[in-house]
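Subject: Handover of a structure and its findings

Dear colleague,

Please find the structure below, handed over for your use. I would be grateful if you would look through it before reading the notes.

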Amino acid sequence: MSERRLLLLPGDGIGPEIMAEAEKLIAILNAERSTGFATETALVGGSAFDDGGEAISEATMGLAMGADAVLFGAVGGPKWDGVAYDKRPEAGLLRLRKDMELFANLRPAICYPALADSSSLKRHVIEGLDILILRELTGGVYFGEPKEIVDLGNGQKRAVDTQVYETYEVERIARAAFELARTRRGKVTSMEKRNVMKTGVFWNETVTRIHREEFPDLTLEHELADAGGMKLVREPKQFDVIVTDNLFGDMLSDIAAMLTGSLGMLPSASLGKADEASGRRKALYEPVHGSAPDIAGRGIANPIAMIASLAMCLRYSFAMESEADALDAAIAQTLEDGIRTGDIMAEGCQKVGTSQMGDAIAERFRTRLAA
Ligand code: NAD
Ligand code: IPM
Ligand code: MN
């Protein structure tokens, strides 16, 4: 069987700590299922800047473009606060997203039964929650030009970011939303600010047209993004797939994280378009959370978002449904068994560190694969 090439980019802060746990699971897959994953590890973010003066090197970009999939930890931290804007750690991640054309960012928010009391919201609001935020990832205000701070010469400056969307960008994310909804509960909620922004009017019209022309059998609803955020907290189970732009998607997915108990629980998949000849997509899998500088180096970070991102990688890049299901089930079982990192700790549970949490999931994963 041909080799499957995985590029591992652990990054900064807790990134390397959580990536080490994903590596344990990759080793188990190779041993139990002969999956032939060949991993290569490279620097990204602040650690790449310290090494070579850039947040990602050309050599690492080359590896990412050639890999079957990229696993990404997290980047950033106070150490690099003074670094020039285009060399800051986050620039490495943004370049990967842009150059690999990873326009579709899937951020599922699932409340595991064992964690129904770990959220800051009441149990009945989040119990059984299973929603998917689909964030447009290569356009909008993150990348629009001009993007600058101009000195006006009179003691004043003007800072500009530009929100831009073109037809093909909204069409393709809308199609992705409807295609995902078809495999779920058949409902898409589009969120924008059409009451204030031209891009909001355009987004709304384009999603509405794609729905009418290509997916009339599915349900489409619209929310203004501010009210949508409120409803996400008040009654999150009314949603199935939420499709939204780059910036609103960033904010709404951090909000959704707290519906699941902790930011340490939310995985993501960033997918490009399928290659016409091979059907292959470029893809990067990463937790929604960042480098958590406040807890880095202490071995206490929750590795579940990283491990669940690996499960998404198995599912979306390698069509390994049974292995992905086994990994998700191993996570759920570990939580049922009362094993918890500090961020999701509850009374009567056993508090463990990053590595012990990884080991507990690995043990249950191995048992499931062997069964
Ligand atoms: P953060 O997500 O790093 O942390 C927010 C809070 O959540 C912190 O209290 C942290 O301890 C906690 N947390 C996050 N992940 C956790 C985990 N796995 N287990 C337990 N607790 C966890 O966000 P921030 O503090 O706003 O940002 C820190 C740095 O990370 C910044 O430089 C930011 O730009 C960067 N960042 C990177 C990414 C990424 O690489 N994809 C994403 C978000 C933020
Ligand atoms: C995320 C992060 C990134 C973003 C940063 C680190 C560039 O917050 O992936 O959610 O804003 O997209
Ligand atoms: Mn974010």
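The notes that follow cover the domains, the helix packing and the surroundings of the ligands. Please bear in mind throughout that this is a predicted model.

Domains

The protein falls into two parts: domain 1, made of 1-108 + 266-371, and domain 2, covering 130-258. Taken over C-alpha atoms, the centres of domain 1 and domain 2 are 25 Å apart. Where they touch, domain 1 contributes 14 residues and domain 2 contributes 17 residues. On the side of domain 1 that touches domain 2, the elements giving two or more residues are α4 (89-99) and β4 (104-110). Of these, β4 supplies the largest share, namely five residues. By class, this side of domain 1 comprises eight nonpolar, two polar and four charged residues.

Helix packing

Helix α8 (residues 225-234) packs with helix α9 (residues 246-257) at an angle of about 15°, and their axes are 10 Å apart. Because angles under 35 degrees count as roughly parallel, α8 is roughly parallel to α9. The two helices, α8 and α9, cross in a right-handed sense. From α8, the contact is made by A225, G229, L232 and V233, and from α9 by F248, L252, I255 and A256. The contact of α8 with α9 has seven nonpolar residues, one polar residue and no charged residues.

The next pair is α10 and α11. Helix α10 (residues 304-318) and helix α11 (residues 321-336) have axes 7 Å apart and pack at an angle of about 165°. Since angles over 145 degrees count as roughly antiparallel, α10 is roughly antiparallel to α11. Their crossing is left-handed. On the α10 side, the contact involves I304, I307, A308, L310, A311, L314 and R315; on the α11 side, it involves E321, E323, A324, L327, D328 and I331. Nine of the residues in this contact of α10 with α11 are nonpolar, four are charged and none is polar.

Helix α11 also packs with helix α12 (residues 354-370), at an angle of about 130° and with the axes 8 Å apart. The helices α11 and α12 are therefore oblique to each other. The crossing of α11 and α12 is right-handed. In α11, the residues A326, L327, A329, A330, I331, Q333 and T334 meet A360, I361, R364, F365, R368 and L369 of α12. The contact of α11 with α12 divides into nine nonpolar, two polar and two charged residues.

Ligands

Around ligand 1 there are 21 residues, among which G76, G264, H289, G290 and N302 come nearest. The shell around ligand 1 consists of ten nonpolar, seven polar and four charged residues.

Yours sincerely,
A colleague

Definitions and conventions
Residues are numbered from 1 along each chain as its sequence is written. Chains are lettered from A and ligands numbered from 1 in the order in which they are written. This is a predicted model: local features need pLDDT of at least 70, side-chain atom pairs count only at pLDDT 80 or more; totals for chains, interfaces and linings use all residues. A residue is near a molecule or strand if its C-beta atom, placed from the backbone, lies within 6 Å of it. Ala, Val, Leu, Ile, Met, Phe, Trp, Tyr, Cys and Pro count as nonpolar, Asp, Glu, Lys and Arg as charged, and the others, Gly among them, as polar. Domain bounds come from an automatic or database domain assignment. Two residues are in contact if their C-beta atoms, placed from the backbone, lie within 7 Å. Helices (H or I, at least four residues) and strands (E, at least two) are DSSP runs, numbered from the N terminus. Axes are lines fitted to C-alpha atoms, for helices over the stretch in contact, and angles run from 0 to 180 degrees between N-to-C directions. Angles under 35 degrees count as roughly parallel, over 145 as roughly antiparallel, 65 to 115 as roughly perpendicular and the rest as oblique. A crossing is left-handed if the near helix is turned anticlockwise from the far one by less than a right angle, and right-handed if clockwise.
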